[in-house]
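I'm opening my notebook on this one. The plan is to look things up a piece at a time and jot down what I find.

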Amino acid sequence: MGILELFKKKSSGDVAKDRLKLLLVTDRANCSPEIMEQIKNDIIKVIQKYMDIDCEGLEINLTQTESEGKNGVVPALIANIPIKEVKHNDAKTEEKKSEEKKADDKASKEKSDDKNSKEKESKDSKSKGNKGK
Amino acid sequence: MSEVIVVTSGKGGVGKTTTTANIGTGLAMLGKKVALIDTDIGLRNLDVVMGLENRIVYNLVDVVKGNCRTEQALIKHKKYPNLFLLPCAQAGDKDSVSPEEMKKLTDELRESFDYIILDCPAGIEQGFKNAIAGADRALVVTMPEISAVRDADRIIGLLEANDKKRADLIVNRIRMDMVNRGDMLSVDDVVEILAIDLIGAIPDDEDIVISTNKGDPLVGGESISGQAYMNICKRIMGEEVPLLDLNKKKSIFGRIFSKKK
């Protein structure tokens, strides 16, 4: 035990202090998961203008980091954003077009669905009417 | 002239009630007229720590609801005639009193007492809001333990948000043997992390358990924690008292003995 303790770099008190400092950064920032989610979504929106990113793999966290200018640690927002592809302007417009197409397709599908259901209804009422007779 | 002080911590079991009892008794010993209010409705304990549990007739809820006059509910301490306790109800919940009602009560007590000290329940809900409503200043009690310090930080934030301009820190239950070998946060560590003024540090002392067993606060006695509590009382009254050296807990013989172990 004694020899082992000599090789230990940090005492448990120091570990507690470091953990606490980090913990209080996030606590004090009062960043609720909802706010973090909003920040994340906004970051995605901005970066997607220029790059194709992996939205699922995107991670943002509030941590502490050693400041470069001053001595000591400062709170930091760290984002890990995996890039799938750097977009070109052409690619951007093409994607817009394809999105519009998709939207059109959806709309037309919905319309036809409406027709189908209306037809069904009318059929039902007819059959009911027949029974009555 | 009179001051309303709330003793709070966020986390339970760090020594709010013990601190309230000792500081209240200490201020009374120093000649001040003191009212202690237990605000932990449903879990009253200040009465037993003070040794007054057999003398309760009316309680905080009775006073607030107008079932009795305030003076009728205040229990006068036999040993210290200028020390009074307003116990809380053992039945009912925290919602039976509102922050406005608490403020009205503390303002009423200001007229006849020098210090009104409120023992706050653990947590940050209704009970906490009630307890801080009428307070001028707060004593935040914590322990050199990660969870207690975290909760204290939260409480300090909430006190600031509620315009309690003055909050002082009490670091309770320090074990100097553990601090010295690096296995416990030191008082300095806790003060550095929480960044508020320290008003006192209390060692983890067997004598506290013994005094609670007897229902007789140890403030002002020979024990190191008794001295530490008395120093806090003096600091509350504005006196400048140097911090005790908690390492001097044991006599020389005691230290030699513990080293042999």
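My entries on the two chains and a few of their residues follow.

**Ground rules.** I'm working with a predicted model, where local features need pLDDT of at least 70, side-chain atom pairs count only at pLDDT 80 or more, and totals for chains, interfaces and linings use all residues. Residues are numbered from 1 along each chain as its sequence is written, chains are lettered from A and ligands numbered from 1 in the order in which they are written, and side-chain values use heavy atoms, with hydrogens and water left out.

**Where the chains meet.** I looked up the contact (heavy atoms within 4.5 Å) and found twelve residues from chain B and 13 residues from chain A. The buried area is about 1,200 Å²; that term is the accessible area (1.4 Å probe) that two parts lose on being put together, summed over both. Carbon and sulfur atoms give 59% of it. On chain B's side, B:Ile146, B:Arg150 and B:Ile193 supply 48% of the area that chain B buries against chain A, more than any other three residues.

**Charged pairs across the gap.** Which chains share four salt bridges? Chain B and chain A do. I count a salt bridge when a side-chain nitrogen of Lys or Arg is within 4 Å of a carboxyl oxygen of Asp or Glu. One of them pairs A:Lys17 with B:Asp189, with the closest N and O atoms 3.0 Å apart. These two also belong to a salt-bridge network with A:Lys21 and B:Glu192. Over all chains, I get 19 salt bridges. A:Lys17 sits in helix H2 (residues 12-29) of chain A and B:Asp189 in helix H9 of chain B, so this pair joins two chains. (Helices are DSSP runs of H or I, at least four residues; strands are runs of E, at least two; both are numbered from the N terminus.)

Are the two partners buried or exposed? Both A:Lys17 and B:Asp189 are buried, at 14% relative accessible area. Buried means under 20%, exposed over 50%, partly exposed in between (1.4 Å probe, protein chains only).

**B:Asp153.** This residue is in helix H7 of chain B and is buried at 8%. Leaving aside neighbours within four places in sequence, B:Asp153 is in contact with A:Leu24, A:Arg28 and B:Leu194.

**Inside chain B.** B:Glu3 and B:Arg137 meet in a salt bridge at 3.4 Å, N to O. The pair links strand S1 (residues 3-8) to strand S6 (residues 137-142), with the partners 134 residues apart. B:Arg137 is buried at 2%. I also noted a salt bridge between B:Arg69 and B:Glu71 at 3.1 Å; B:Glu71 is partly exposed at 48%.
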